[in-house]
Amino acid sequence: MACCALLSACGQQKSGAPADPMMAMADKTPVVSVAPAVLQQVSQDAVYSASVQANVVNNIAPQAGGRIQKLNVEVGDFVAAGQILAEMDRIQLDQAALRLKNDETELARVKQLFEEGGVSQSDYEQLELAFKVSKSSYENLQENTILRAPVSGVVSARNYDRGDLYAMAQPIYTVQQITPVKLLVPISEADYTRVKRGDKVSLTADALPGKTYTGTIVRLYPTMDPATHTFNAEVRVANDKRELRPGMYARVTVDFGARERVVVPDAAVIRQQGSGQRSVFVLNADNTVTIKVVEAGRHFGSQYEILSGLEAGEQVLTGGFSSLKSGDKVEVKR
């Protein structure tokens, strides 16, 4: 009876499931999920970093040294074009005004005599020339005595006090035009032929969260930086509310349009640690898999743009491939 029991037990072990659970797992076909690689229009925009700059920076100073009599504005004040900012000592200007008045009176008198034949033409022309020289000298002194803002903007610096002797070392004021502002955006040389004057861009500033501004490319610099292989595109932003200020750090998004690309779910893309190489598992007709190295482009939402290495319509694995290798047979999850 004992022998029969032993034979019966041996028979049950032979006809039942394998005793080794690891062998059972190895025999089981992996179940994977798949998705098709599809053609899709992908926006070809790029984000660049740049600093906000004043559109125009004017240093306000006379041509020669002199005593500062008046200072009419302070740092932070907004000024209009033509507004008087400062006045220098007027002694020379007043003297030039007197000479101009005298020469004007003398010219009028001699002109009348010349018309009546009382003086020669050369004498008249000599006095006319003297009047023009006096007028030019007066206008030059007036421009350098009464200092006006050449553009509308904000006063960003004042380097002297009232009564100081201007020594021609620094400007009295610095005025920056901030409506509009500009940015010099360093764009990759690979995109040189894809950007042109008049293109619209959008930008955000770290100091102004939640706000987006629109600018226009107004100038493309003709040379490349040999170190960075970039060229500058000058972007102008209206900045009507004066929110953007020179020196602010901004991120500029340049839209190069859209192109038809192969797109796959981001879950299908495998990144090789250390090298940055990317690959995908492709399902073959016989339910085996092949790993393909691909060149990935933009990552947007839950998808990857594939630039090369994969054709539209191929089925890529999106799950269940953690322990697979090329040639393995799989079962597709339904």
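Residues are numbered from 1 along each chain as its sequence is written, and side-chain values rest on heavy atoms, without hydrogens and water. Because the model is predicted, local features need pLDDT of at least 70 and side-chain atom pairs count only at pLDDT 80 or more, while totals for chains, interfaces and linings use all residues. The pLDDT, which is the predictor's confidence in each residue from 0 to 100, averages 89 over the protein chain, and 92% of the residues score at least 70.

A search of the whole structure finds four aromatic pairs, a pair being rings of Phe, Tyr or Trp (its six-membered ring) with centres within 6.5 Å, called stacked if the planes are under 30 degrees apart, edge-to-face if over 60 and tilted for the rest. One of them joins Tyr192 and Phe231 edge-to-face, at 4.8 Å centre to centre and 85° between the planes. This pair links distant parts of the chain, 39 residues apart, with Tyr192 in the loop between strand S9 (173–188) and strand S10 (200–205) and Phe231 in strand S12 (residues 230–237); strands (E, at least two residues) and helices (H or I, at least four) are DSSP runs numbered from the N terminus. Tyr192 counts as partly exposed because its relative accessibility is 34%, whereas Phe231, at 1%, counts as buried, where buried means under 20% relative accessible area, exposed over 50% and partly exposed in between (1.4 Å probe, protein chains only).

The rings of Phe281 and Phe321 have their centres 5.8 Å apart and their planes at 40°, so this pair is tilted. Phe281 belongs to strand S15 (residues 278–283), and Phe321 lies 40 residues apart from it, in the loop between strand S18 (315–319) and strand S19 (331–332); both are buried.

The largest pocket is lined by 14 residues, of which Ala64, Gly65, Gln92, Leu141 and Thr145 lie nearest its centre. On a 1 Å grid over the protein atoms alone, a pocket is an open set of points where a 1.4 Å probe fits, with protein on both sides within 12 Å along at least five of seven lines, and lining residues have an atom within 4 Å of a point. Helix H4 gives the most to this lining, with four residues.

Finally, Pro36 is found in strand S1 (residues 31–36) and, leaving aside its neighbours within four places in sequence, is in contact with Val263, Glu314 and Gln315.

Terms used. Contact means heavy atoms within 4.5 Å.
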